[in-house]
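Please report on the structure shown below.

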Amino acid sequence: MSYIIDRRLNAKKKSTVNRQRFLRRYKKHIKRAVEDAVNTRSIRDIDQGGEVSIPSKDISEPLFHHGSGGIRQRVLPGNQEFVVGDEIKRPEGGGGGTGQGQASNQGEGEDEFTFQINQEEFLDFMFEDLELPNMIKKQLRDATSFEVRRAGFTSVGSPDKLNVIRSLRAANARRIALSGKERRKIRELKKEIKLLEGQLPSQAVALKIVAINEEIKALNLHIKRLPFIDEFDLKYNNLIRTPVPSSKAVMFCVMDVSGSMTQSIKDIAKRFFILLYLFLTRSYKKIEVVFVRHHTHAKEVDEEEFFYSRETGGTIVSSALNLSAEIINERYPPGDWNVYVAQASDGDNWDGDSHHCREVLEQRILPLVQYFAYVEITTGPHQNLWLEYEQIKEKFNDTFAMQTILEPSDIYPVFRKLFEKKE
Amino acid sequence: MKQRKPISTGSEWTFELIQQYDQEIARLAEHYGLDTYPNQIEVITSEQMMDAYSSVGMPLNYNHWSFGKQFVSTEQQYKRGQMGLAYEIVINSDPCIAYLMEENTMTMQALVIAHACYGHNSFFKGNYLFKTWTDASAIIDYLLFAKNYIAKCEERHGVDAVEQMLDSCHALMNYGVNRYLRPQPITPEEEKNRLLDREEYIQRHLNQIWNTIPKKDDVVKESAPRFPKDPEENLLYFIEKNAPLLEPWQREIVRIVRKIAQYYYPQRQTQVMNEGWACFWHYTLLNHLHDEGLVTDGFIMEFLHSHTSVIYQPPFDSPYFNGINPYALGYGMMQDIRRICEHPTDEDREWFPDIAGSDWQQTLQHAMRNYKDESFILQYLSPHMIRELKLFTITDNAALSTMQISAIHNDVGYQKVREDLAASYNIGNREPNIQIYNVDIRGDRSLTLRHYMHNEQPLAPDTDEVLKHLHRLWGFDIHLESVSPDGDILNQLHCPAQMATDAVA
C-alpha cells in the first residue's frame, strides 16, 4: 500500500536557518570578501549580491582519517596493458598515491569554497555596525507628520467613537455596586421566609410572610429604578496623534570640478557618493539626490553632467555651500526632510574663501542637516580648507565629519569611519 | 505477442498515473517476493530537494551551520549546472519515505518508484545490519525529538554553546557507533554460578607441585588496572557516560549525535549492495512491465538511457573516473549472481558450487539479507565480473619509489583482487582504528587513546584539530598514541600540545 503526497506546497527554505548559521559563523570571511568587492567592483553593480570565497581549510570539519604514507592496496577498473609485477610511477601530487584521477578530489589544498550571497545580505554585511548619526534626535524633535493611533479609552468623546462593550461593562458594574444594599436585604428577607415556612402554619405566620413579600417587591422595584445606562458609564475609544519620523531624505552631493580634479579623483568621489546613497536607502523610504558641482561658481546638475562633464577654472567652495543652503531652504524644509550632505574635493580652494566656507557651513548649513560628511581626496598636504573645517569639527562634532581618502581602497574604510556606531 | 496496453504514452506525469504505475510495480514486486515497508511517496520541488540534500536526506533535522554549508554549496553547484540533483532520496523509515522530483518525466518517476520504493525499501527491511542497528519506525520521531531538544538547549544555553558542542560531536561522529552488539549483562545469579564453576575447575586441576617453583621477582610488577578495563571503540558513548565535566544537556546532545551516527552506520557499510540491489530491481521490474506490454517502447528506451548512464563504470584512466562506481559494481554483481544461478559455466561451478544452478530469487534474497559490502564482495565477486570490469590491484608502499601492480584479472589474480576489493570496503581499514585506552583516574584525569595502525598508515595532519574537539568534550588532557601491530608506540599526539622536553628533565 502506498500513499502519494504532494509536498510541493510545503514550506521551502527549510535550510534558511542553517544557511544563516553558516553565514554567522564565517562573518569575518564574508566581511572581508564584501570589502574587497566594494573596492573592486564597478559602480553600477556595487549593490548586487556577490560571490564569497572562503579557503576550504578554514571551513573544513576535521575528522580522524588516514594521512599519506604506509601501504595501500587499491583496486581499479579498466586494466589494459598491466601485468603483475609492473612498476608504475606515482602520480604527481596525489597525496601518497591514492591513484590516478582521485588525487585532487579530496585534497585540502588551497581550494576555495565559493558561494553566493544575495543583495540584501551583501548590503547587510557592507553596512554592518554603521548607523546614521542623529537619527533619533531628529525623529523626536522635528517630527511634523502625525499618525493616529489608539491609546486606551476615555470617558469623554464624540459618539462615533463610543465603545459599546466597555460602556455596557461599566454600566453593569455601576448597577451591581449601587444595588448592593438592597440585594443583601432581599437575601436576608428570603432567608426569613424560609424560616417562617418551616414553622407550624398559622394565621400570624402567613401574615408575616405576606408582609415580607411586600417588602421584597418594594426593594426589587427600587433596584429596577436604577438606570440601565448612565452618562457616567459611557466609554470612548481614545485616539491620539503620534509623531512619525520623516521617512524622506535628501542627499546633497557636492563636488569640486575645477581643473585640479582628475577623472580618477572624481571616480573615487562617485564611489563614495554611491556608498552613501545605498546606506541611506536602508534607512529611508524615499531618497532624493541633489548634485551640486562647482568651480568658481556652483550649479545644480543632473547625474550625468555631475560626473562626466569637465570644466576648468578656479575653485570657490563657498559658492556650492551657499547654493546648497538655498536649495535646502527652498525645496527641502528640514521639518519634512532628513538632509545629508556629502562633499568631496581635492582640498584646493581659493585662499580667501575658506574662512567664508566655515561661516556658511556653521550658520546656514549645519543647523539644517542631519549630517555633513567631507572627504578630501588627496595625497598632498592639507590646505587651508581642511584647517578651517577642522575648527568646525570641534564645534559640531555630532553633525560634521571629515576624512581623507588617498586611494580607491580607502573609500570603504573611510566610509565606515564616518558612519561607525558611536556609543 | 500480446496486445500492448500501455499505462501512459506521454512524458508528463500526473498523480493518477503515479498511482497506477505504483500499483503495477507493487504487483510485480510481490510476484518476485520483495518484502517492503509501506511506501509514502512525496512529490517535491527541486528547491525542496536541495533542502533535503543538505539535511543529510532527512525530512527534518536539528539546525547546524554545517548543514547550511552543505546547502550553500549544493545550491551554488546546482545553479551553475555543475551538478544535477539526484532523482530521488529515500529514507529508511516505516513507512518508507521516498521523494520524487516534480521535474522528472513519467518514465523517471516510474524508475524512481521501482528503484527506491521497492528496491531500497526491501533492502532496508531485509538486510541484517539495518535490522540490527536501525529502528525504521522510530527514526522520524527521534529526529523530531532531537530537533526540539536542541532548539530548547539553544534557547537556554545560547546558540554558541550548543554549536560548539555539536561541532565537537560531529568531529567524532564516525567514532560514535557500536560495531558489534554487546552481550546482555549477566545476572548476579549467573555471575555466582560462573564463579563456582571456575573455582571447581581450579580445584580439579590443582597441582601443588607447580607452587614450589620459585617466582621471578621482576615480572611481578603489576601495573595499575586501566580504565576502561577493555579498550572502548565507541568514543562518543564513552564520553557520554564518563566525561567528568559535561552538563546533563551536553550529554544528551552527545547521545543524539551518537544515535544518528548509529542510524547511518549500516548505510555506510552497504552502499554497493544497497544500490546494486535497487538497480537490479528497477531493471527487472520495469523490463517485466515492458514484457507485459504496460509501457511503451519509448518508455523503455528512455529508461535504458538513464539506467546505463547510472551504472557506467569509467576506466581508471578516464577523466570521469572517480573511484569504483557502487551502482556499477553492485548492479553487475547482482546480475552476475542471477546468471550464475540460471546459466552457470564450469568456472562458476568451480567457484560457487553452492549457488550455481540454484534458484536465483532465493539466492539473491539470501545475499541481500545476510551480507554487507565487504563480505558480499568477498563471497560473491566472480572471476567473470572481475574480467568484465578488468579489475587490477595496485600496491602503493610509501617506502618504495614506485607502485606495483600486484594482481590483475587472471587465474592467479582473481582471489587476490577479490580480497583487496573487499578489504577496501571494510570500514575498519578505511578509517583509522582509534580506541579509548586508558584514563588516568587517580592522576590528572588525562585520556589516552590508541591508534592501532593498519598497514603502517599514519594519521592525517589535521588530527590535532579533532583532538581539540575531543579535549573540549573530555575537559582534561588528551593523548593519542599510534601503535604498531607489535605494540610499539610509534607516534604520540597531545592536546593541549606538550612541550617537546619536560621542564623537569
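## Domains

The centres of domain 2 and domain 3 of chain A are 79 Å apart, taken over C-alpha atoms. Chain A is split into domain 1 (16-58 + 112-126), domain 2 (159-237) and domain 3 (245-419). These bounds come from an automatic or database domain assignment. The model is predicted: local features need pLDDT of at least 70, side-chain atom pairs count only at pLDDT 80 or more, and totals for chains, interfaces and linings use all residues. Residues are numbered from 1 along each chain as its sequence is written, while chains are lettered from A and ligands numbered from 1 in the order in which they are written.

Chain B is assigned domain 1 (15-127), domain 2 (140-175 + 234-267), domain 3 (311-428) and domain 4 (432-495). Between the centres of domain 1 and domain 2 of chain B lie 27 Å, taken over C-alpha atoms. In chain B, 10 residues of domain 1 are in contact with 10 residues of domain 2; contact requires C-beta atoms, placed from the backbone, to lie within 7 Å. On the domain 1 side there are 5 nonpolar, 5 polar and no charged residues. Here Ala, Val, Leu, Ile, Met, Phe, Trp, Tyr, Cys and Pro count as nonpolar, Asp, Glu, Lys and Arg as charged, and the others, Gly among them, as polar.

## Where chain A meets chain B

58 residues of chain A are in contact with 80 residues of chain B. On the chain A side, the elements that give two or more residues are β1 (2-6), α1 (16-25), β3 (71-76), β4 (87-89) and β5 (112-117). Helices (H or I, at least four residues) and strands (E, at least two) are DSSP runs, numbered from the N terminus. By class, the chain A side has 20 nonpolar, 23 polar and 15 charged residues.

Four strands form an open sheet in the order β3(A)-β4(B)-β5(B)-β4(A), with antiparallel pairing. Strands pair if DSSP finds at least two bridges between them. The edges are β3 and β4 of chain A, each pairing on one side only. Direction ignored, neighbouring strands are turned by 30° against each other on average. Helix α19 (residues 414-424) of chain B packs on this sheet. It touches β3 of chain A, plus β4 (392-397) and β5 of chain B, and its direction makes about 105° with that of β3(A). Axes are lines fitted to C-alpha atoms, for helices over the stretch in contact, and angles run from 0 to 180 degrees between N-to-C directions.

β4(A) and strand β5 (residues 402-407) of chain B run antiparallel, joined by 3 bridges. One pairing to look up is K89(A), whose bridge partner in β5(B) is T402(B).

## Helix packing around α3(B)

Which helix of chain A crosses α3(B) at roughly 100°? It is α1(A), and the two axes come within 7 Å. That makes α1(A) roughly perpendicular to α3(B); the cut-offs are under 35 degrees for roughly parallel, over 145 for roughly antiparallel, 65 to 115 for roughly perpendicular, and oblique for the rest. α1(A) uses N18(A), R19(A), R21(A), F22(A) and R25(A). α3(B) answers with W65(B), F67(B), G68(B), K69(B), F71(B) and V72(B). This contact has 5 nonpolar, 2 polar and 4 charged residues.

Within chain B, the axes of α2 (residues 46-54) and α3 (residues 65-79) come within 8 Å and cross at roughly 140°. The two helices are therefore oblique to each other. The contact joins M50(B), Y53(B) and S54(B) of α2(B) to F67(B), Q70(B), F71(B), T74(B), E75(B) and Y78(B) of α3(B). It divides into 5 nonpolar, 3 polar and 1 charged residues.

## Backbone exceptions

Most residues other than glycine have a negative phi, and most peptide bonds are trans. A cis peptide bond joins F227(B) and P228(B), with omega about -5°. P228(B) sits in the loop between α9 (208-211) and α10 (235-242) of chain B. Another cis bond joins C495(B) and P496(B), with omega about -5°. P496(B) lies in the segment after β9 (489-495) of chain B.

N455(B) has a positive phi, near 50°, and is not a glycine. Its place is the loop between β7 (447-452) and α21 (463-474) of chain B.

Methods:
Contact = placed C-beta atoms within 7 Å.
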